[in-house]
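Dear colleague,

Please find below the structure that I am handing over to you, together with its sequence. My findings follow it.

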Amino acid sequence: MNKTAKDIVRSFYETDLIHNSEAFSEFLHPEIELYWNSSFGFNKKGFEDIKTMFGEMALSFETFRCEISHLIHEGDAVTIRHTYFANTIEAPDKEEAIAHFITIWELKDGKLYKGYQISQQGDSTPESMLSFISK
């Protein structure tokens, strides 16, 4: 069965990226470009940058998971709204929302190729977290 673009994006975000470095070659196009606007400013990342970023996160987090609230496929684009949660090495028994994201992906050759992402620091207040529950 062929995976749809939506299936590929979902599978990437449901993968344990801090413990499975092989996932990057499976899901990311070698010429990937991620244009990322965050509360810290603009950043452009390529394949090695993304792989290195998750490798560095593996040094700080015991667990790392993604909770998807919205996943929309229209035309050639897949948009995902999600929150990353983690248990830090310092507090392994406490899971915290690390950051909230919205990313629009274009795929090429069945892999994530161009991403346009915005993010902000995690907010674990009940009202904020309820906004991430898909209706």
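In what follows, two residues are in contact when heavy atoms lie within 4.5 Å. Helices (H or I, at least four residues) and strands (E, at least two) are DSSP runs, numbered from the N terminus. The model is a predicted one: local features need pLDDT of at least 70, side-chain atom pairs count only at pLDDT 80 or more, and totals for chains, interfaces and linings use all residues. Residues are numbered from 1 along each chain as its sequence is written, and side-chain values use heavy atoms, with hydrogens and water left out.

Overall architecture

The protein chain contains four helices and six strands. Read from the N terminus, these elements follow the order α-α-β-β-α-β-β-β-β-α. Along the principal axes, the C-alpha atoms occupy a box of roughly 40 × 35 × 35 Å. The radius of gyration, taken over C-alpha atoms, is compared here with a globule rule of 2.2 Å times the number of residues to the power 0.38. For 135 residues, a compact globule would have a value near 14 Å, and the 15 Å of the protein chain agrees with this.

A residue is called buried under 20% relative accessible area, exposed over 50%, and partly exposed in between (1.4 Å probe, protein chains only). By that criterion, 39% of the 135 residues in the protein chain are buried. The protein chain exposes about 8,000 Å², of which carbon and sulfur atoms supply 51%; accessible areas come from the Shrake-Rupley method with a 1.4 Å probe, and for residues only the protein chains shown count as cover. Of the contacts in the protein chain with a separation of 6 or more, 50% are between residues 24 or more positions apart.

Helix 3

The expected span of a helix is 1.5 Å times one less than its number of residues. The twelve residues of helix 3 (residues 47–58) should therefore span 16 Å, and the 17 Å between the end C-alpha atoms agrees. The buried residues in helix 3 are F47, I50, M53, F54 and M57. Viewed down the helix axis, the buried residues fall within an arc of 135 degrees, so they line one face of helix 3; the arc is that of the directions from the helix axis to the C-beta atoms. The cover over these buried residues includes helix 2 (23–27), strand 1 (28–38), strand 2 (41–45), strand 3 (61–74) and strand 4 (77–88). On the face turned away from the buried side, helix 3 carries the exposed residues E48 and E56.

Two buried strand residues

K45 is located in strand 2 and counts as buried, at 14% relative accessibility. Leaving aside neighbours within four places in sequence, K45 is in contact with I32, E33, L34, W36, I50 and M53. From C-alpha to C-alpha, K45 and I32 are 8.0 Å apart in space, while 13 residues separate them in sequence.

F61 belongs to strand 3 and is likewise buried, at 13% relative accessibility. Not counting residues up to four places away in sequence, F61 touches I18, A86, N87, T88, I89 and I98.

Salt bridges

Side chains of opposite charge can pair when their charged atoms come close. A salt bridge is defined here as a side-chain nitrogen of Lys or Arg within 4 Å of a carboxyl oxygen of Asp or Glu. How many does a search of the whole structure find? The search finds four salt bridges.

One of them joins E33 and K114, with the closest N and O atoms 2.6 Å apart. E33 lies in strand 1 and K114 in strand 6 (residues 111–121), so the pair ties together parts that are 81 residues apart in sequence. K114 counts as buried, at 19% relative accessibility.

R65 and E67 also meet in a salt bridge (3.0 Å, N to O). R65 is partly exposed at 34% relative accessibility, and E67 is partly exposed at 38%. E95 forms a salt bridge with R65, the closest N and O atoms being 2.9 Å apart. That pair links distant parts of the chain, since E95 is in strand 5 (residues 95–108) and R65 in strand 3, 30 residues apart. E95 is partly exposed, with a relative accessible area of 37%.

Yours sincerely
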